[in-house]
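Please find below a note on the model under review, arranged as numbered points. The sequence and structure are shown first for reference.

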Amino acid sequence: MHSKRERRGALSCAGWMGMGKGAGPSALQVGKILLVLHCFFPAITLQCKILKCNSEFWASTPSSGPKEEFCTALRAYNSCVRRTARTCRGDLAYHSAQHGIEDLMTQHNCSKEGPTTQPRARTPPPQALPLPPQPDTHVPSDGPEVCHYERSLPRHTAPPNYTHCGFFGDPHLRTFSDNFQTCKVEGAWPLIHNKYLSVQVTNTPVLPGSAATATSKLTIIFKNFQECVDQKMYHAETDELPAAFADGSKNGGERHGANTLRVVERVPGQHVEIQARYIGTTIVVRQVGRYLTFAVRMPEEVVNSVEDQENQENQDLYLCLHGCPANQRIDFRTFRGRVVESQGPGRARPGVAAHGFTYQSAMAMCKERLPVEDLYFQSCVFDLLSSGDINFTLAAYYAFEDVKMLHSNKEKHHLFERDTGMFNTASRRSSVILFMLLNLIAVSFWTELCCLCL
């Protein structure tokens, strides 16, 4: 049985890419995964040049040959990536490349010092005719205890505390600490990033020129972990909710614990569940209407597993952990007040609203699926008023269904405005206390200064 200390120490070995026999195939996988990742986020490549580094490394890495040649190519790749640091610091693929290089350097005993001659691109061999897709015939065992999160914990310890994060609709965020927010967050944003996995979403405007956005793309990278799983990437976007990882597999690869990471299709094209038992995590991805929803159940230890000091400083960027930045948040009550005022007597024709819903008709529509007027109900009303898309009713409904399935505390399934109001009140009280303290310091300083002058 492994202790927590041993388990955490092992996490640092959870590198960026699982290696097979020889450098060639894994090096190709490195380039392919990063190249595919950037195809999903083309806007990033306008400034960040990590794609060029990835392509050069992929094209120049020999499928077989001496270790020195591979190490030279790897050092050239590392130099190229380091030159992109300023423009690529916020890019998920940039950080993945950094981890990948360190992992490959270690596994192949490559020195960081040595020749870094820019590698010459190889002429790719002629491609063989594509084979028809084959089902997963290799079904390894569930593997050692380290590949089962709860079994790997020390004996006689308290059960792990499971947390939940959800992201859905226009978009609405429920953080691991049960704070509920409505956000703008247009473009690519990281939800989760720790020693085990990274999750990034891309949000696009619901209507042209509108501040309302919803999730159209989702990328999840599971990092390789001990003898359990290889690195795997899952990518979904509008009208493409695959039942497998990007490489076509449905489990964690060829390692002993590969079946502790699985993709399970619940409803074709609409509902996929990813089970990562080696980290005690379950992820639910849905497509509702034209947009995606995300929900996760994760142990608190995994949530807080940060790799290094740099990532510790960047943790504020991860929405599931700390919420949306203040300048990206939308106030429910302010929006609702404006809508009610704009639809008041003499301001609009009865029964007519900007997107086909009045405040009353939106409430009636949401009430059919969400009878309790909690924040999921309020988010449904908000989405109907801001977009007019009736599918957002189902998005809120399924988000709450995921809460009931994934959240470990039944008493916290429903969240209400008073819950967030308590948080806001506490923040306001802290601000008032700080303001009074600063005033007291200023008065004391001014008094001493006057005494000195006299």
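**Notes on the predicted model**

1. Strand β11 (residues 291-299) is mostly covered, with 8 of its 9 residues buried. Buried here means under 20% relative accessible area, exposed means over 50%, and partly exposed lies in between (1.4 Å probe, protein chains only). Helices (H or I, at least four residues) and strands (E, at least two) are DSSP runs, numbered from the N terminus. This is a predicted model, in which local features need pLDDT of at least 70 and side-chain atom pairs count only at pLDDT 80 or more, while totals for chains, interfaces and linings use all residues. Residues are numbered from 1 along each chain as its sequence is written, and side-chain values use heavy atoms, with hydrogens and water left out.

2. β11 belongs to an open sheet of 8 strands in the order β8-β9-β10-β11-β1-β2-β3-β12, with antiparallel pairing. Its edge strands are β8 (261-267) and β12 (329-330), each of which pairs on one side only. Two strands are taken to pair if DSSP finds at least two bridges between them.

3. Both partners of β11 may be inspected in turn. Strand β1 (residues 162-168) is joined to β11 by 6 bridges in the antiparallel sense, and Phe167 stands opposite Phe294 in β11.

4. Val264 stands opposite Glu273 in β9.

5. Another open sheet has 4 strands in the order β4-β5-β6-β7, again with antiparallel pairing. β4 (187-193) and β7 (232-237) stand at its edges with a single partner strand each, so one side of each is left without a neighbour in the sheet. Neighbouring strands of this sheet are turned by 20° against each other on average, direction ignored. The angle rests on axes that are lines fitted to C-alpha atoms, for helices over the stretch in contact, and angles run from 0 to 180 degrees between N-to-C directions.

6. β4 and β5 pair over 6 bridges and form a hairpin with 3 residues between them. Strand β5 (residues 197-205) is joined to strand β6 (residues 213-222) by 9 bridges. Asn203 has bridge partners in both neighbours: Gly187 and, in β6, Thr215. Val201 stands opposite Leu218 in β6.

7. Thr219 is placed in strand β6 and counts as buried, at 0% relative accessibility. Its side chain makes a polar contact with the side chain of His235 (2.8 Å). A polar contact is a pair of N or O atoms within 3.5 Å; within protein, one must be able to donate a hydrogen and the other to accept it, and residues adjacent in sequence count only if both atoms are side-chain atoms.

8. The whole structure holds 9 aromatic pairs. Rings of Phe, Tyr and Trp (its six-membered ring) pair if their centres lie within 6.5 Å; planes under 30 degrees apart count as stacked, over 60 as edge-to-face and the rest as tilted. The rings of Phe225 and Tyr278 have centres 5.8 Å apart and planes at 25°, so this pair is stacked. Phe225 lies in the loop between β6 and β7 and Tyr278 in the loop between β9 (271-276) and β10 (281-288), so the pair ties together parts that are 53 residues apart in sequence. Phe225 and Tyr278 are buried.

9. Phe168, Phe180, Tyr376 and Phe400 form one aromatic cluster. Phe400 is among the buried residues of α14, which also include Phe392, Ala396 and Val403.
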